[in-house]
Amino acid sequence: MPTTTTDLSQTAINTIRTLAMDGVQAANSGHPGTPMALAPVTYKLWADVLRYDPAQPLWPGRDRYVLSCGHASMLLYAMIHLAGIRKVGHDGIVTDQPALPLEELKNFRQMGSLTPGHPEHGHTTGVETTTGPLGQGCGNSVGMAIAERWMAARYNKPGFNVFDYNVYAQCSDGDLMEGVACEAASLAGHLKLANLCWIYDDNKITIEGDTDLAFSEDVPMRFRGLGWNVVKVDDANDLDAFGKALQTFHKCDDAPTLIVVRSVIAWGSPNKAGTHGAHGSPLGDEEIRLTKEAYGWPTDEKFFVPEEVKKHFADTLGARGAKSYAEWQKQFVAYKQEHAALAAELELIWSGGLPKGWDAGLPEFPADAKGIATRASGGKSLAGIAANLPWLVGGSADLAPSTNTLLAGEGDFEADSYGGRNLHWGIREHAMAAAANGMALAGLRPYVATFFVFSDYLRPSMRLAALMKQPVVYVFTHDSIGVGEDGPTHQPVEQLAAARAIPGLVTIRPGDANEAAEAWRAAINNQHRPTALVLTRQNLPTLDRAKYAAATGLEKGAYILADAKGGKPDVLLMATGSELSLAVEAYETLTASGVAARVVSMPSFELFEDQPQSYRDSVLPPSVSARVGIEVGIQQCWDRYLGLCGKFIGMDDFGASAPYNEVYEARGITVEAVVKAAKSCLS
Ligand SMILES: Cc1ncc(C[n+]2csc(CCOP(=O)(O)OP(=O)(O)O)c2C)c(N)n1
Ligand SMILES: [Mg+2]
């Protein structure tokens, strides 16, 4: 077996390749070609450059490695195994077990394995973010780079570089074809994120064939235009050339870097290129045998890992990482002495905590018939929390004045002011949400904002936030036909149902100003899941909480706002957001006419479903089948609360461009309609 460094490198590279081949073959599904072709650059990055201590996978100062082309997951799994990354237990504590023992590589893509088809953050230690939907990892990497810059600006002090990590993302043709990656690249260029390096696998092939079919732009020129430092490497196997490219990244201090690496996707043994294995499918036993033969590998052995390869990674990545980590730890001990308050803040961030009294600044709103839009009360609530939660950082996709999300006096996050808390995402909703995931993964509490109708533009990233259990807050204003004159293009109809359809996303549509404040409180308390706040453009009356139940009931998702005498209702009026006041008015009318009605404010179905059955039954008694649901969205997702006899007052078509009260009228969403529906349910 090899002895020189060059030989060792080649052996390590071939180990990555054969693990990928064997893993995909055993699963009989997956992509072996890309991991095989990318093995040299990935090897070089990890062995020679990446600042990562395999014994400390949670170390906040580590470089981030993102595999945006998640279909090449075996590449990442092979690296995690070979690097000897240790497993983080469910309690968040690093164990002395390997994150991925060889057994797990053998179980690639199998039920219950730690090696799912695409890398899943939180499932496998060492996976920095969940990837697979192309372009998302690129977007996440921009958020991680933003977070590093922000934290460096706030926490680094003379003599203390607590934050100076780099973010590397490997990406493919598909990644760079995706809009989200281009949005993210545009933003990264604008922000001059010099801590960000994308390594583009320019292999000129995607699933349907040659990229000539659909992708003929000049990628380097595009990225130069976006303000990136672009370096080309002509051959993915040329470790020296790639090493030099990484050096230019390290030298560049005013732009993100794109390294364009020309590679040839592996189809199997070199002498049989193209004859076996379709793009994205296993090579087949015979082809694997021939390939291993060409590598001088034992042909009859599967998942063969030469001992010296693990040692090689321990001697390179491992030794370098351990040293960096120890130095960083030492530095942090000194930092704690000199900057105790900041250090305490960081420790709180890293432990996932919240500062004492973080919600002390939440406003209370007096009863007011004219009222206030929940976008405005929500904005005041955000400001109240931001005052005591320094790492609440975010912004809007060019709609800050409309979404009320600008933090007054906090400054902008720009290339010359990385300490600002107001991000200006530009009109890039998708990259905004993808980057927010990266920021959350780096420990910040990010919020993003746009009109609710444009939640569709960022939905894939919101879905991934839910999948990764990341506490991103989405501020979605202009939440219905209540938008009025802007018309049906801007009036959400199905977006509430669509948001509620995402498992793990908490959607909250507060019904007045005090519920908006409580909604923000709930959102920040959702430390392990994302929250969508759905807020109105138009004013809503602020309910008299002396007369009606307290808005703190929101924390349970749904609560009895006003009840029938003796708590024995014959009909339930269930409403959210702007329709809550309709329900209240209808309740008053019904009560005056002797009908025993109850109003249930239901701002969040998800928070309600978190409650025990006994609570849910106490709010919506199973014995009461006369029920009316009122919400200016589609009925889908209301059925479980309506039951077979319930009636729904809402939308079944798009809205219209007109003053909003006329649109409500035209669509039959009125107090009279609620009263009529209640009576018809009862009869
Ligand atoms: C958003 C999204 N669309 C489609 C796919 C399905 N898909 C997986 S890989 C791939 C393309 C593969 O080409 P490329 O990105 O160049 O990667 P390579 O095969 O060269 O590694 C596609 C379309 C996906 N994963 N994500
Ligand atoms: Mg490709």
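Q: Let's start with a definition: a residue is buried under 20% relative accessible area, exposed over 50%, and partly exposed in between. In this predicted model, is Asp-610 buried, exposed or partly exposed?
A: Asp-610 has a relative accessibility of 45%. The cut-offs are under 20% for buried and over 50% for exposed. Because 45% falls in between, Asp-610 counts as partly exposed.

Q: With which residue does the side chain of Asp-610 meet in a salt bridge?
A: Asp-610 sits in the loop between helix H20 (605–609) and helix H21 (613–619), and its partner is in the loop between helix H18 (513–525) and strand E17 (531–534). The N to O distance is 2.8 Å, and the partner is Arg-529.

Q: How many residues apart in sequence are the parts that Arg-62 and Glu-128 tie together?
A: The side chains of these two meet in a salt bridge of 2.7 Å, N to O. Arg-62 lies in the loop between helix H2 (33–49) and strand E1 (64–67), while Glu-128 is in the loop between helix H4 (102–106) and H5. The pair therefore ties together parts whose separation in sequence, in residues, is 66.

Q: Are Arg-62 and Glu-128 buried or exposed?
A: Arg-62 has a relative accessible area of 8%, and Glu-128 has 7%. The cut-off for buried is under 20%. Both values lie below that limit, so Arg-62 and Glu-128 count as buried.

Q: Which element gives the most residues to the side of domain 1 that touches domain 2?
A: Here 29 residues of domain 1 are in contact with 31 residues of domain 2. On the domain 1 side, the elements that give two or more residues are helix H5 (136–155) and helix H7 (179–190). With 13 residues, the one that gives the most is H5.

Q: How many salt bridges are there between domain 1 and domain 2?
A: About 2500 Å² is buried between these domains, and carbon and sulfur atoms give 69% of that area. The interface does hold 12 residue pairs in polar contact. For salt bridges between domain 1 and domain 2, though, the count is zero.

Q: Which residue does UniProt list for "active site"?
A: The residue to look for is in helix H15 (residues 429–441). In the unreviewed UniProt entry, the residue listed is Glu-429.

Key:
Residues are numbered from 1 along each chain as its sequence is written. Chains are lettered from A and ligands numbered from 1 in the order in which they are written. This is a predicted model: local features need pLDDT of at least 70, side-chain atom pairs count only at pLDDT 80 or more; totals for chains, interfaces and linings use all residues. Side-chain values use heavy atoms; hydrogens and water are left out. UniProt positions are given in the numbering used here, feature names are shortened, and annotations may be inferred rather than shown by experiment. Helices (H or I, at least four residues) and strands (E, at least two) are DSSP runs, numbered from the N terminus. Contact means heavy atoms within 4.5 Å. Buried area is the accessible area (1.4 Å probe) that two parts lose on being put together, summed over both. A salt bridge is a side-chain nitrogen of Lys or Arg within 4 Å of a carboxyl oxygen of Asp or Glu. A polar contact is a pair of N or O atoms within 3.5 Å; within protein, one must be able to donate a hydrogen and the other to accept it, and residues adjacent in sequence count only if both atoms are side-chain atoms. Buried means under 20% relative accessible area, exposed over 50%, partly exposed in between (1.4 Å probe, protein chains only).
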